[in-house]
Amino acid sequence: MEKSYIAILRGINVSGKNIIPMAELRRLLAKLGLKNCATYIQSGNVLFDSTLDAKTLESLIAREIAKVFGYDVPCQVFAKEDWKMMVQANPYLGNAAYETSFFHLTFLADLPEEQLFQSIGEYNHDLDEFKKIGRVIYLYCPGGYGRTKLNNSFWEKKLGVSCTTRNWKTVQRLAQ
């Protein structure tokens with residue numbers, strides 16, 4: 001049975017590196033048999049339909065990008081209904097003390113060992129905060145994501161898993 005999915009790719013079209021035109025990415029995914037491929041902005045957000053499961057799609061997409069474009073691009077795939085649940089689970093929503101323009105979600109490729117996450121403790125940098133639910137770290141960065149120490153490199157070093165981050169506007173748009 002065909003399902004709707006959202007794929008997020010890490011590190012493409014950033015600072016002139018790993019350039020993949022979205023039209024070419026859509027064509028590549030269509031050749032893989034994915035249906036109704038659509039992209040949102042240039043940073044590697046793809047919506048599509050498929051009968052395959054998410055883990056198979058992650059491997060398939062990453063392998064084809066490496067083969068065609070020559071880039072090792074981590075890819076995470078989520079069923080659209082799971083994505084919507086992650087959006088609704090944002091623990092900062094509904095609290096007037098938090099401005100939504102400073103929300104970001106970091107998506108972990110795998111569930112890290114809980115002891116690694118616990119070792120981080122209540123790390124907060126300046127006013128930045130985080131809460132983890134499953135494979136998602138909900139970030140609140142009032143100084144801006146570009147200034148936070150809670151970036152992809154921080155999480156990958158501390159947790160030993162690949163990750164990628166999207167701002168709240170992009171996360172919501174993909175849910176729609």
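I looked up Thr 170 to begin with, and I found its place in helix H6, where helices (H or I, at least four residues) and strands (E, at least two) are DSSP runs numbered from the N terminus. At 5% relative accessibility I count Thr 170 as buried, because the value is under the cut-off, with buried meaning under 20% relative accessible area, exposed over 50% and partly exposed in between (1.4 Å probe, protein chains only). Leaving aside neighbours within four places in sequence, I noted that Thr 170 is in contact with Tyr 40, Ile 41 and Asn 45, contact meaning heavy atoms within 4.5 Å.

I am working on a predicted model, in which local features need pLDDT of at least 70 and side-chain atom pairs count only at pLDDT 80 or more, while totals for chains, interfaces and linings use all residues. Residues are numbered from 1 along each chain as its sequence is written, and side-chain values use heavy atoms, with hydrogens and water left out.

I then turned to the hairpin. Strand S2 (residues 35–40) and strand S3 (residues 45–50) run antiparallel and are joined by four bridges; two strands pair if DSSP finds at least two bridges between them. Thr 39 has Val 46 in S3 as its bridge partner. Four residues lie between the strands of this hairpin, and Ile 41 takes a positive phi near 50 degrees.

Next I checked which strands make up the open sheet. Its four strands have the order S6-S7-S5-S8, with antiparallel pairing, and the edge strands, each pairing on one side only, are S6 (129–133) and S8 (163–167). The twist averages 20 degrees from one strand to the next, where axes are lines fitted to C-alpha atoms, for helices over the stretch in contact, and angles run from 0 to 180 degrees between N-to-C directions. I found five bridges joining S6 to the antiparallel strand S7 (residues 136–140), with Glu 129 standing opposite Tyr 140 in S7.

I also recorded the helices lying across these strands. Helix H6 (residues 168–175) lies across S5 and S8 and runs at about 90 degrees to S8, whereas helix H5 (residues 152–159) lies across S5 (103–108), S6, S7 and S8, running at about 145 degrees to S8.

Last, I looked at helix H1 (residues 22–31) and helix H2 (residues 54–69), which pack at an angle of about 120 degrees with their axes 11 Å apart. In their contact, Glu 24, Leu 25, Leu 28 and Leu 29 of H1 meet Ile 61, Glu 64, Ile 65, Val 68 and Phe 69 of H2.
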